[in-house]
Amino acid sequence: MPVNKKKPVTFRPFKTPRYAFDKLRICRRCSRYTALGEERCGHCGHASLTPVEKHAVSLAGRKMHTRLLLILLLTLGSVYFGQSLQQMTLCGAGGIVLAGLLLLMQRKVRQNENLYALNELLGRSIDSLREGLEINRQEAVSVLRENDVLAYEKLREISILLRGDRVARQRVALLHGFQLRKDMNLELEQLLLKDFEPLLAEYIGEIARVRPELIKDRTLRYVKTYEVQILEMDRGPAILTAVAGAAVRLKRYALLYSGMIGRYIQELPKDRFMRLSRMISASPYEAWNGLDLKVAEVREAKYRWDPDF
């Protein structure tokens with residue numbers, strides 16, 4: 001798609017959560033899961049959605065209260081059935097001490113209890129969780145024609161939990177229609193697929209141009225794996241040149257992918273070539289695998305009289 005036909009867009013601010021389940025909520029009425037920021041449950045319609053971690057804390061608290069209540073009931077029973085005042089007093093005192101020790105222990109292990117409750121909740125609800133996320137995905141796709149930006153934002157939320165090529169392909173297809181800018185909250189490694197996808201290759205080329213710092217190991221391995229297929233694309237050489245230019249940001253990438261960089265060194269922008277040249281000059285004894293010789297040839301042919309060199 002030509003650049004001038006792409007749509008300028010603005011995405012809502014998005015911050016990747018520390019833990020994937022931070023985005024997950026559960027309906028207290030029907031137990032449906034969702035990763036979207038809806039106000040009401042899409043299944044039962046009630047405003048009863050709560051973060052799954054908060055729900056797990058509540059479940060853990062109920063279990064603790066149940067244990068404490070059981071001890072208190074046993075204490076009252078032993079007092080009630082005591083055969084003497086001394087026996088009733090001892091039973092009552094013993095029950096109070098036991099309840100106090102249990103309360104103290106529960107406070108110390110409360111965090112572990114919360115984590116155990118969360119693991120147990122998600123473990124027994126794995127099928128419901130998958131179903132809820134699939135419903136979320138279908139909701140995102142359903143608004144695609146009316147609002148492709150909203151569809152992308154929904155898929156971005158879901159992708160924190162719903163991994164796999166299916167969601168990644170849909171996100172890449174949507175991104176293909178947007179104008180990318182440096183100030184946008186963009187992702188790359190989360191969108192990499194297992195097989196070759198031309199739209200993803202074009203997206204990688206755009207990222208290399210506007211946000212080269214996002215080009216990292218996984219992306220470079222993907223490009224290297226499918227280099228032949230990318231070359232066969234209309235803009236394939238330009239994509240590979242842009243990726244090679246992004247790779248020279250770090251010495252480690254330049255060493256690991258020296259062969260691929262060397263194949264596109266003739267077309268590197270001057271600033272990228274200059275950076276690579278200085279990098280090699282600063283570390284002449286590294287294993288550049290012939291990249292240093294290619295840099296010397298290009299420097300002699302193209303920049304022989306350039307004062308910057």
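These legends walk through several close-up views of one predicted model. Residues are numbered from 1 along each chain as its sequence is written, and side-chain values use heavy atoms, with hydrogens and water left out. Because the model is predicted, local features need pLDDT of at least 70 and side-chain atom pairs count only at pLDDT 80 or more, while totals for chains, interfaces and linings use all residues.

**View 1. Arg 12 and Glu 153 meet in a salt bridge.** A salt bridge here is a side-chain nitrogen of Lys or Arg within 4 Å of a carboxyl oxygen of Asp or Glu, and a search of the whole structure finds 20 of them. In this pair, the closest N and O atoms are 2.8 Å apart. The pair links distant parts of the chain, 141 residues apart: Arg 12 sits in the loop between β1 (7–8) and β2 (25–27), and Glu 153 in helix α5 (residues 148–158). Helices (H or I, at least four residues) and strands (E, at least two) are DSSP runs, numbered from the N terminus. Arg 12 counts as partly exposed because its relative accessibility is 49%, whereas Glu 153, at 6%, counts as buried. For these words, buried means under 20% relative accessible area, exposed means over 50%, and partly exposed lies in between (1.4 Å probe, protein chains only).

**View 2. Glu 134 and Arg 166 form a salt bridge between two helices.** The N to O distance is 3.8 Å. Glu 134 is partly exposed at 22% relative accessibility, and Arg 166 is exposed at 51%.

**View 3. Arg 169 reaches Glu 197 through a salt bridge.** Here the closest N and O atoms lie 2.9 Å apart. Arg 169 is in helix α6 and Glu 197 is in the loop between β5 (178–179) and α7 (198–210), so the pair ties together parts that are 28 residues apart in sequence. With a relative accessible area of 29%, Arg 169 is partly exposed; Glu 197, at 18%, counts as buried.

**View 4. Arg 137 is a buried residue of helix α4.** Its relative accessible area is 6%. Contact means heavy atoms within 4.5 Å. Leaving aside neighbours within four places in sequence, Arg 137 is in contact with Leu 155, Ile 158, Leu 162, Arg 166, Val 167 and Gln 170.

**View 5. Cys 27 and Cys 44 are in no disulfide.** A disulfide is a pair of cysteine sulfur atoms within 2.5 Å, and a search of the whole structure finds 0 of them. For Cys 27, the nearest cysteine sulfur is that of Cys 44, 3.5 Å away. Cys 27 is buried, with a relative accessible area of 1%, while Cys 44 is partly exposed at 27%.

**View 6. Three strands make an open sheet in the order β3-β2-β4.** The pairing is antiparallel. β3 (33–34) and β4 (49–51) stand at the edges, each with a single partner strand, so one side of each is left without a neighbour in the sheet. Two strands pair if DSSP finds at least two bridges between them; β2 and β4 pair over 3 bridges. Cys 27 stands opposite Leu 49 in β4. Helix α1 (residues 52–80) lies across β2, β3 and β4, and runs at about 85° to β4. For that angle, axes are lines fitted to C-alpha atoms, for helices over the stretch in contact, and angles run from 0 to 180 degrees between N-to-C directions.

**View 7. Ile 215 belongs to the largest nonpolar core.** Such a core is a set of buried Ala, Val, Leu, Ile, Met, Phe, Trp, Tyr and Cys residues joined through side-chain atoms within 4.5 Å. Of its 77 residues, Phe 11, Leu 186, Tyr 203, Ile 204, Ile 215, Val 243 and Leu 276 touch the most other members. Helix α7 gives the largest share, 7 residues. Not counting residues up to four places away in sequence, Ile 215 touches several residues, including Leu 188, Ile 207, Leu 220 and Tyr 253.

**View 8. Val 295 is buried in helix α14 (residues 291–302).** Its relative accessible area is 1%. Beyond residues up to four places away in sequence, Val 295 touches Ile 265, Phe 273, Leu 276, Ser 277 and Ile 280.
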